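Biologist: I have the file open and a few things to ask. Can we go through the side chains and then the interface?
Modeller: Go ahead.

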There are 2 protein chains.
Amino acid sequence: MARNKYPEETVEKILDAAMRLFIEKGYENTSIQDIIDNLGGLTKGAIYHHFKSKEDIMLAVLERQHNEYDAKLYRILNDRDNMTGLARLRALFWIALSSPRQENFFRSSPSLLNNPKMLILQMKGTMEEAAPQHIAPLIQQGIEDGSIRTDYPLQLAEVILLLSNLWVTPLVFAASPQDMEKRLKLFGQLLEPFGANFIDEDFTRRIMDLTEMYGNHPDPE
Amino acid sequence: MARNKYPEETVEKILDAAMRLFIEKGYENTSIQDIIDNLGGLTKGAIYHHFKSKEDIMLAVLERQHNEYDAKLYRILNDRDNMTGLARLRALFWIALSSPRQENFFRSSPSLLNNPKMLILQMKGTMEEAAPQHIAPLIQQGIEDGSIRTDYPLQLAEVILLLSNLWVTPLVFAASPQDMEKRLKLFGQLLEPFGANFIDEDFTRRIMDLTEMYGNHPDPE
DNA sequence: GGATACATACCGTTGGTATGTATTGCGGCA
DNA sequence: TGCCGCAATACATACCAACGGTATGTATCC
């Protein structure tokens, strides 16, 4: 493979291949060689020129995903003014669930329980960035416009993210459709006293669809 | 090392060393050689005679811990009759928090975020066994004696375990003492409507102590 | 005398590094 | 403006120690 005039293309190639493999096979079960084999002629030299380690690739994958997601969120949320904090919260989660990349993720990933590193890194980012930077401000706004009430906006944000990312999703702790429905109901009840119940019909239906779709996965045990 | 007449002792030795290292350095950062070096003369042959893989060792470590914990729980909970479901729930969490093994864990483990495999395996066990077998029955009993009210005992058990194991502990998503206090408060408020608020003064103080103790850990970043 | 409980020697794969090489962009000079 | 020279860039190739795991040997127990 000759030298590329636009090295970013090479970086993107590497990230694309790595992300696909990390999602499909898990981080630990994906070797550098696996990535190389999906690069179309590029070799190990290319990888270690652009990234300093395997973990560095994973971080870059998450970062890219994160940025893309961020941009989309800001665009949509800032577009529509005069929404209450709660309504924005609802919108945010809806966007998160309906993005095509998320769809792809659901389709190609076996349980994230088999991908500990990725799950943990994602959750870390969620707690350290998404909670204080994205969700807590929305809750704060909800408090000011009267739609949400709590003395602990950051902590409420953390709970919401933890539960929605780990519990009310078929990706991690799998559940039968019946059990997932109960989780959704209880989640709603938990949020109700704070006026933060963003679980609407659309959200519920989407999660249930994913749950059923996900039930067809072969469970590698 | 000659052949041991009581091979269980060898197994225990391996599990002891492995557990210590897994907790201190994390699963992925502990090599088989590391374990061997802490075995006092035993070699790789011993390990692979008793265990079929490194992961198998980790599972055995968790299983042993689990069994020990189970025995203790049953003894104490069955001793005291005429307790309400809520009171038993309180007692259970208190026992979990005050055991010496747990203390040791807190003392020697860096953030479990650096130990993805162990964290995930533990959470898996929590959701698949502890929730349905230990917590849900207590909640069910609480429903019957009127101390707890919910239509979804299993799901309530799941939420309680998820949040207490991941969120209201300094071991995973670290927090300043002030933030941890807010987490505890919000956790209490979340559980209140279900009559399942097991967060009492003892529990709070214990968590706060651990949080401060844990704050002195060097954070490997 | 088999089955058990190890020890020893060995293996393929892995993440990572050292080094080589062709290409590119760029500062300076005509 | 055009061209030269050269360092920085973008890779390819060759190599390495450490890893998890296996095959085989051997002494001990029942």
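Biologist: What sits over the ring of A:Y27?
Modeller: The charged end of A:K54, 4.4 Å from the ring centre. A charge sits over a ring if NZ of Lys or CZ of Arg is within 6 Å of the ring centre and within 35 degrees of the ring normal. In chain B, B:K54 lies over the face of B:Y27, also at 4.4 Å from the ring centre. This is a predicted model: local features need pLDDT of at least 70, side-chain atom pairs count only at pLDDT 80 or more, and totals for chains, interfaces and linings use all residues. Side-chain values use heavy atoms, without hydrogens and water.

Biologist: Which residues is A:N115 in contact with, leaving aside its neighbours within four places in sequence?
Modeller: A:F22, A:G26 and A:Y27, where contact means heavy atoms within 4.5 Å.

Biologist: Is A:N115 buried or exposed?
Modeller: A:N115 is buried, with a relative accessible area of 4%. Buried means under 20% relative accessible area, exposed over 50%, and partly exposed in between (1.4 Å probe, protein chains only). A:N115 is found in the loop between α6 (100–108) and α7 (116–145) of chain A. Helices (H or I, at least four residues) and strands (E, at least two) are DSSP runs, numbered from the N terminus.

Biologist: Changing topic: how many aromatic pairs are there over all chains?
Modeller: Twelve, from a search of the whole structure. Take A:F93 and A:F203: their ring centres are 6.5 Å apart and the planes are at 80°, so that pair is edge-to-face. The rule pairs rings of Phe, Tyr and Trp (its six-membered ring) if their centres lie within 6.5 Å; planes under 30 degrees apart count as stacked, over 60 as edge-to-face and the rest as tilted.

Biologist: Where in the chain are A:F93 and A:F203?
Modeller: A:F93 is in helix α5 (residues 85–98) and A:F203 in helix α10 (residues 201–215) of chain A, so to speak distant parts of the chain, 110 residues apart. A:F93 is buried at 7% relative accessible area, and A:F203 is buried at 4%.

Biologist: Why is the pair of B:F187 and B:F198 edge-to-face?
Modeller: Because the planes are at 85°, with ring centres 5.9 Å apart. B:F187 lies in helix α9 (residues 177–191) of chain B and B:F198 in the loop between α9 and α10 (201–215), so the pair ties together parts eleven residues apart in sequence. B:F187 is buried with a relative accessible area of 0%, and B:F198 counts as buried at 1%.

Biologist: Which residues form the aromatic cluster in chain A?
Modeller: A:F93, A:W167, A:F187, A:F198 and A:F203.

Biologist: On to the interface. How many salt bridges are there across chain B and chain A?
Modeller: Two by the rule, which asks for a side-chain nitrogen of Lys or Arg within 4 Å of a carboxyl oxygen of Asp or Glu. One salt bridge joins the side chains of B:E158 and A:R183 (3.0 Å, N to O).

Biologist: Which element gives the largest share of the side of chain B that touches chain A?
Modeller: α8(B), with nine residues.

Biologist: And how many residues are in contact?
Modeller: 31 residues of chain B with 31 residues of chain A.

Biologist: Last one: how many helices and strands in chain A?
Modeller: Ten helices and zero strands. Of the 221 residues of chain A, 50% count as buried.

Technical notes. Residues are numbered from 1 along each chain as its sequence is written. Chains are lettered from A and ligands numbered from 1 in the order in which they are written.
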